Amino acid sequence: MRCVIARFPFDLVKSEVVAKMKGVKPEPVTGEYVIIGRHHYPVKQVGEVITRQDRRDFSAGEVTRALTRLGFTCRPAPGTEPAAVERTAVETASAQLGGAPEQG
């Protein structure tokens, strides 16, 4: 698959990405990560290995899009679930009394 990472075109194949990452020790995951085999690799680490470019030259989003299109499972940073929206006291009371559902 052809993709552009840091303004450079790359022809990536899933089996070649797996082969390049074989034997590479995963760094601790602090941001977006990709699952390759049984390992969880930071997206930037994989991008650096497969493109041989400095991590500062590309974004995690570029690599995530490319790896997702190749069929890898990519996940957001741990602990970045959307925060629950808290209701005000009036909204809570209204919901308990069977008030009209909120819009939006």
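I began with aspartate 11, which counts as exposed at 52% relative accessibility; my cut-offs are under 20% relative accessible area for buried, over 50% for exposed and partly exposed in between, with a 1.4 Å probe and protein chains only. I note that this is a predicted model, in which local features need pLDDT of at least 70 and side-chain atom pairs count only at pLDDT 80 or more, while totals for chains, interfaces and linings use all residues. Residues are numbered from 1 along each chain as its sequence is written, and side-chain values use heavy atoms, with hydrogens and water left out.

**Salt bridges.** I searched the whole structure and found four salt bridges, each defined as a side-chain nitrogen of Lys or Arg within 4 Å of a carboxyl oxygen of Asp or Glu. One of them joins the side chains of aspartate 11 and arginine 2, at 3.1 Å from N to O.

I then looked up glutamate 27, whose salt bridge with arginine 55 has its closest N and O atoms 2.7 Å apart. Glutamate 27 lies in the loop between α1 (14-21) and β3 (33-36) and arginine 55 in the loop between α2 (43-51) and α3 (60-70), so the pair ties together parts that are 28 residues apart in sequence; helices (H or I, at least four residues) and strands (E, at least two) are DSSP runs numbered from the N terminus. Both partners are partly exposed, glutamate 27 at 34% and arginine 55 at 23%.

Aspartate 54 pairs with arginine 56 in a salt bridge of 2.9 Å between the closest N and O atoms; aspartate 54 is partly exposed at 32%, whereas arginine 56 is exposed at 74%. I also recorded that salt bridges with shared partners join Glu27, Glu48 and Arg55 into one network.

**Helix packing.** How do α1 and α2 pack? I found an angle of about 100 degrees, with the axes 10 Å apart, where axes are lines fitted to C-alpha atoms, for helices over the stretch in contact, and angles run from 0 to 180 degrees between N-to-C directions. That makes α1 roughly perpendicular to α2, a label that covers 65 to 115 degrees. Val17, Lys20 and Met21 of α1 meet Val46, Val49 and Ile50 of α2, contact meaning heavy atoms within 4.5 Å.

Within α2, I listed Val43, Gln45, Val46, Gly47, Ile50 and Thr51 as buried, and the buried residues of α2 pack against β1 (2-5), β2 (8-11), α1, β3, β4 (39-42) and α3. My last entry is arginine 52, which follows α2 and has a positive phi, near 60 degrees.

Terms used: Parallel < 35°, antiparallel > 145°, perpendicular 65-115°, else oblique.
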